[in-house]
Amino acid sequence: MITSTISPFLKIGLGLIGLWPDSSYRRFFWFFYMATLVAMQYFQYSCFFARLATNDISKLMDGLNITLEYSLTFLKLLSFWYNRRIFADILTAMNDDWNDCSTYSHSYVMTSKASLAHRCSNVMIFLNGLATVFYVIGSFVSHRTVSTGGENNLREFPMQVQFPFDAATDSPIFEIIVLGLFLHVWETATIIAMLNSLMLTLVLHVSGQIDIMCQGLREITTTEKSRSPAIRLLVERHQRIISLSNNIENFFSFVALIQVIWNTVVMCSIGIMIVISLGMDVEGKSGLLIQSILPYVAVTLEAFVFCFAGEYLSTKSKSISDAAYETLWYELSTSECRILLLVIVRSQKRLTITAGKVMDLTLEGFTAVMKASASYMSVLHAMY
């Protein structure tokens, strides 16, 4: 029996990076993982600036997408840690909503939304993990090498990093580093998927509460009992929905802003690698395509999830006013009709998620991100 919109796997994952409230050793887990991110960023940007001096755009773009994804994850975790009290308030409100499911119809709505959220989380985590595997396989197939200290010290790494010591390419240190890099990239990809699925999970929870409220509005005139208490409960539920939506907006606003910017740049960098690979020989082309196509799909899906969640929330919020208007309001008293009118007026203001209070996350915004990344990609390809 499902008792929470957040899946158990997502809860465990958030606990392992110190974001789940009241989890054991949460500070230790958060600081430990953030320290590993800082170390990886140092090695990645050392390689990036070394490649920047060569003016080789193919090698420069090769590791830029992973580097930017690490930077994005670092900023996300900083934002979530700063807003951890808002997250705790969100979880408390979600638990109250589950405890308030007193009827079978309400439980059915919440269970169906939770089941959908669990499936979406599992699919997103699986896709990001598969993209990591394909990236590593493509890296080895394309025969990319990183020099770490001499003409004879040329060995492959699964990602573009540069270590400050020459022994990194000597066995067995090289094999240990390769295994550690793969595990860390896979872990980071899983965490990225968990953070993205968290937003979709919260939006699905709010949509479940909206469906319950719309159901209650349609049932007002069917009851023979006094309708005033039922209308009062619906108004209270509407207030809880608005409060929960505002908390989600405050929790994800900055993250959504950097997500839109980062996704535009990352899709541009991966796209230019795909375009470059089409003009290479068969051996080099296969490696680059394996390394680029599935990660490009994962990054595009990442941007789509954020924009779809904002669009879905806005669309669902409009259904409250429609349900209130479609009630048999002419059978209600004058005072009850006034309350319904206020509900309609308040629900005209859409519930939405913004990117840093600058733009709403909508499918139109997703189209703008795709157009911008394609424009930048064409400019880089013309320069190359």
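Visitor: Is Thr327 buried or exposed, and at what relative accessibility?

Guide: Buried means under 20% relative accessible area, exposed over 50%, and partly exposed in between, with a 1.4 Å probe and protein chains only; Thr327 counts as buried because its relative accessibility is 6%. This is a predicted model, in which local features need pLDDT of at least 70 and side-chain atom pairs count only at pLDDT 80 or more, while totals for chains, interfaces and linings use all residues. Residues are numbered from 1 along each chain as its sequence is written, and side-chain values use heavy atoms, with hydrogens and water left out.

Visitor: Where is Thr327 placed, and which residues does Thr327 touch?

Guide: Helices are DSSP runs (H or I, at least four residues), numbered from the N terminus, and Thr327 is in the loop between α9 (282-326) and α10 (334-347). Taking contact as heavy atoms within 4.5 Å, and not counting residues up to four places away in sequence, Thr327 touches Leu217, Arg218 and Leu340.

Visitor: How many disulfides are there?

Guide: A disulfide is a covalent bond between the sulfur atoms of two cysteines. Here a disulfide is a pair of cysteine sulfur atoms within 2.5 Å, and by this rule the count is zero. As for accessibility, Cys214 is buried because its relative accessible area is 3%, whereas Cys120, at 25% relative accessibility, counts as partly exposed.

Methods. Helix = DSSP H or I, 4+ residues; strand = E, 2+ residues; numbered from the N terminus.
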